[in-house]
Amino acid sequence: MLIQTQQWHDKTRYIIIDECASVHLELFDTAQDFGGTAFIWALWTNPDCRRKGHAERMLDRAERIAAENGHDAVYLEWLEKDTSREILDWYYRRGYQEQEFSEKGDYVLLKKSLTDKIQQP
């Protein structure tokens with residue numbers, strides 16, 4: 001797994017990749033419009049590698065990085081035009097909860113608490 005860190009003026013971006021999958025994590029210095037300071041986006045798995053745990057490892061690593069950097073929750077968006085409902089259900093099984101959604105049901109903002117990933121002293 002390769003992790004690239006990019007420092008911007010108001011956030012740190014992590015790009016996490018392996019041979020079959022990738023994900024982006026942005027950790028902001030201050031709370032953003034979505035309601036928090038940690039946002040995961042662009043989780044992607046090569047179609048030939050799906051159902052082999054790559055996406056789960058990417059998401060786990062992004063959540064751990066957020067927790068290790070002091071963030072107590074992480075957010076992500078699900079858009080029906082980009083991703084199947086099966087993936088939305090997968091996020092729910094992984095502990096994500098609805099924070100906001102469209103009345104048409106084609107958009108959901110999800111949040112996951114990271115308190116179980118934060119290391120106690």
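Author: Arg-51 sits in the loop that links E4 to H1. The model is predicted, so every value here is computed from it. Phi of Arg-51 is near 70°, a positive value, and the residue is not a glycine. Is Arg-51 buried or exposed? Arg-51 is exposed, because its relative accessible area of 75% is over the 50% cut-off.

Strand E4 holds another residue with a positive phi, Ala-42. Its phi is about 60°, and Ala-42 is not a glycine either.

On to the loop between E2 and E3, the place of Asp-18. Asp-18 is buried, yet it has no salt bridge. The nearest side chain of opposite charge belongs to Arg-57, at 4.6 Å. What does the side chain of Asp-18 reach instead? It reaches the backbone nitrogen of Ala-21 at 2.7 Å. A polar contact also joins the side chain of Asp-18 to that of His-54, at 3.0 Å. Beyond four places in sequence, the contacts of Asp-18 are Met-1, His-54 and Met-58.

The loop between H1 and E5 carries His-71. His-71 is buried, because its relative accessible area of 10% is under the 20% cut-off. Its side chain makes a polar contact with the side chain of Thr-37, at 2.6 Å.

The largest nonpolar core has 25 residues. Leu-25, Ile-40, Tyr-96 and Leu-110 have the most contacts inside it. At least two core residues come from each of strands E2, E3, E4, E5 and E7, and likewise from helices H1 and H2. H1 gives the most, with 7 residues. A second, separate core has 7 residues, including Phe-28, Phe-34, Phe-39 and Tyr-75.

Leu-110 deserves a stop. Setting aside residues up to four places away in sequence, its contacts include Val-74, Leu-76, Trp-78 and Leu-88. Tyr-75, Tyr-91, Tyr-92 and Tyr-96 are also among them.

Tyr-92 lies in helix H2. Leaving out neighbours within four places in sequence, it contacts Glu-98, Val-108 and Leu-110. Its relative accessible area is 30%, so Tyr-92 is partly exposed.

Last, the whole chain. It has 2 helices and 7 strands. From the N terminus the order is β-β-β-β-α-β-α-β-β. The C-alpha trace spans about 35 × 35 × 30 Å along its principal axes. For 121 residues, a compact globule would have a radius of gyration near 14 Å; this chain has 14 Å, so the two agree. Of the 121 residues, 42% count as buried. How many of the contacts between residues at least 6 apart in sequence join residues at least 24 apart? The share is 50%.

Definitions and conventions:
Residues are numbered from 1 along each chain as its sequence is written. This is a predicted model: local features need pLDDT of at least 70, side-chain atom pairs count only at pLDDT 80 or more; totals for chains, interfaces and linings use all residues. Side-chain values use heavy atoms; hydrogens and water are left out. A nonpolar core is a set of buried Ala, Val, Leu, Ile, Met, Phe, Trp, Tyr and Cys residues joined through side-chain atoms within 4.5 Å. Buried means under 20% relative accessible area, exposed over 50%, partly exposed in between (1.4 Å probe, protein chains only). Helices (H or I, at least four residues) and strands (E, at least two) are DSSP runs, numbered from the N terminus. Contact means heavy atoms within 4.5 Å. A polar contact is a pair of N or O atoms within 3.5 Å; within protein, one must be able to donate a hydrogen and the other to accept it, and residues adjacent in sequence count only if both atoms are side-chain atoms. Lys and Arg count as positive and Asp and Glu as negative; His and the chain ends are not counted. A salt bridge is a side-chain nitrogen of Lys or Arg within 4 Å of a carboxyl oxygen of Asp or Glu. The radius of gyration is taken over C-alpha atoms; the globule rule is 2.2 Å times the number of residues to the power 0.38.
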